[in-house]
Amino acid sequence: MGSSAPATDSDEPITPAGRLFLQPQLNQTIHCVMGFKNPIDVDSIKSQVKSSLMLTHPRFSSLMVRDSHGRERWHKTTHIDLDRHVIVLHDPVSSSGDHETAVNDYLADLSTGSGLPTDKPMWEFHLLIAHNVGIFRIHHALGDGISLMSMFLASCRRADDEGKLPTLASGKSKGVNKNKRGLLGLVCGFVAMVWFSLVFVVEFVLRCLWVCDRKTEISGGDGVELWPRKLATAKFRLQDMKHVKKAIPNATINDILFGVISSGISRYLDHRKPNALPEGVQITGVAMTNLREQPGLQELSDLMRSNSGSSWGNKFGMLLLPIYYHNSKSNADPLAYLKRSKVMIDKKKQSVEGHFSYKIGLFVMTYLGPKVATWLNYRILCNTSFTISNILGPQEVITVGGNPITYLRASSSSLPHALTMHMVSYAERADMQILVAKDIIPDPAFLAMCFEEALLDMKEAAAAITET
């Protein structure tokens, strides 16, 4: 894969992380889905894209080329043909009368398709006129979810005041002030960091080599990224998650999300094969963690500064997040899943596993080459059971070209995992796209319902605690 445009000395080398996402086995395209409130005005959308900050960014106006040594580089192009990037589909994309199902079927087909062409900058905007939906397709080599969401929001405006940009999360940690912990607290914290880092790094290395999950009804494996896909959407209210937070001291939205996934997967496995697994079987997920100096979304001006700790591109580490199967009927306390998830995630936060995976990935890609780096990353995916990501979206309703957006969702190309989940929060709601290999998980809509019911059960249990 590569453009026929000749490489020149002025071309910019693609970062090691970007090169990884260009390898055939890990070729990744991000799909950002937005539903519009009003009918789509194609001319208005094209005008918005043409005048947006996106086209001033070199990544969105460059071709991917290879030099004489086969190394991928960005080649700046002088002209962008919007008609090749804004793809308008007037007819329904599916015979299904349900717009959501039709759009999800279209995304599922895109996830195993041929990918983005390299004879133009690696992004497209599909407008599904009959369904009132727009789909940004952006190659992962251009940037990670934080970079792309921050770029997208810089081109949007608030629906309640179109003179203002959407509100970004503060990104400031509410962690304990180290100056107030005392010497003993600092020493204990350092020892915990060293110990958890050692344990998790060793586990990470073993996962790269031969340690793998026990086979279950949701397991993928080598070659599964080529299997046909289905897509369903789990819908949550952020207010429900906030109610659950009150019942568990210092719980976060990520803690709750992972507790919901743990409970939902246990429910689903009970449905597929009751009593087939022993209690406590580990099912390992792969999560991506943002490694920028400030968590959450970033100001675009910070991302554009090359010397910023929040610079543009793919700056994330990989975490192994285990859940444990428990029979949903024999576990009466829905909050038990959340409590176990919080303990595990708190340990992960004290380690440097994310930074280790990022640094070792850069080292392998730089000194051992893309084939070795691809093999190691592919092995991790084959030896685990699912992928999960969570992106914080805008807090208020936003508009694109004056047209209010009713929802934001995200998905990606398929992976060796049979189960991939991406959650995006937006205006007091959170939608999680559940992409599955349909020959392994034939009923993703039921799995989505398992997740939704898990949160509602946690909310009910939390309400009972707060009332007493």
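Cys 32 is buried, with a relative accessible area of 16%; buried here means under 20% relative accessible area, exposed means over 50%, and partly exposed is in between, using a 1.4 Å probe and protein chains only. The sulfur of Cys 32 has its closest cysteine sulfur in Cys 156, 8.8 Å away, which is too far for a bond. A disulfide is a pair of cysteine sulfur atoms within 2.5 Å. Cys 212 is in no disulfide either, since its nearest cysteine sulfur, that of Cys 382, is 9.9 Å away. Across the structure, the number of disulfides is zero.

A word on what you are looking at: this is a predicted model, in which local features need pLDDT of at least 70, side-chain atom pairs count only at pLDDT 80 or more, and totals for chains, interfaces and linings use all residues. Residues are numbered from 1 along each chain as its sequence is written, and side-chain values use heavy atoms, with hydrogens and water left out.

Now turn to the helices. Helices (H or I, at least four residues) and strands (E, at least two) are DSSP runs, numbered from the N terminus. Helix H8 covers residues 253-272 and helix H13 covers residues 444-467; the two pack at an angle of about 125°, with their axes 8 Å apart. The axes are lines fitted to C-alpha atoms, for helices over the stretch in contact, and the angles run from 0 to 180 degrees between N-to-C directions. That angle makes H8 oblique to H13, because angles under 35 degrees count as roughly parallel, over 145 as roughly antiparallel, 65 to 115 as roughly perpendicular and the rest as oblique. The crossing of H8 past H13 is right-handed; a crossing gets that name if the near helix is turned clockwise from the far one by less than a right angle, and is left-handed if anticlockwise.

Which residues make the contact between H8 and H13? On the H8 side they include Ile 256, Gly 259, Val 260, Ile 261 and Arg 267, and on the H13 side they include Phe 446, Leu 447, Cys 450, Glu 453 and Asp 457. Contact means heavy atoms within 4.5 Å. The residues of this H8 and H13 contact divide into twelve nonpolar, four polar and three charged. In this scheme Ala, Val, Leu, Ile, Met, Phe, Trp, Tyr, Cys and Pro count as nonpolar, Asp, Glu, Lys and Arg as charged, and the others, Gly among them, as polar.

H13 also meets helix H10 (residues 335-349), where the axes come within 9 Å and cross at roughly 90°. H10 and H13 are therefore roughly perpendicular to each other. Leu 335, Tyr 337 and Leu 338 of H10 make this contact with Met 458, Ala 461, Ala 462 and Ile 465 of H13. By class, the contact of H10 with H13 has seven nonpolar, no polar and no charged residues. Met 458 is also among the H13 residues in the contact with H8.

Val 49 is found in helix H2 (residues 42-50) and counts as buried, at 6% relative accessibility. Not counting residues up to four places away in sequence, Val 49 touches Met 54, Leu 55, Leu 82, Trp 123 and Phe 125. The C-alpha atoms of Val 49 and Gly 401 are separated by 9.0 Å, although these residues are 352 residues apart along the chain.

Ala 437 lies in strand S16 (residues 429-437) and is buried, with a relative accessible area of 0%. Beyond residues up to four places away in sequence, Ala 437 touches Val 224, Trp 227, Pro 228, Arg 229 and Ala 418. Ala 437 and Gly 220 are 217 residues apart in sequence and 8.0 Å apart in space, C-alpha to C-alpha.

Is Asn 132 buried or exposed? Asn 132 is buried, with a relative accessible area of 17%, and lies in the loop between strand S6 (123-128) and strand S7 (133-139). Its phi is near 60°, a positive value in a residue other than glycine. Asn 250, in the loop between helix H7 (238-247) and H8, also has a positive phi, near 65°. Asn 250 is exposed, with a relative accessible area of 68%.
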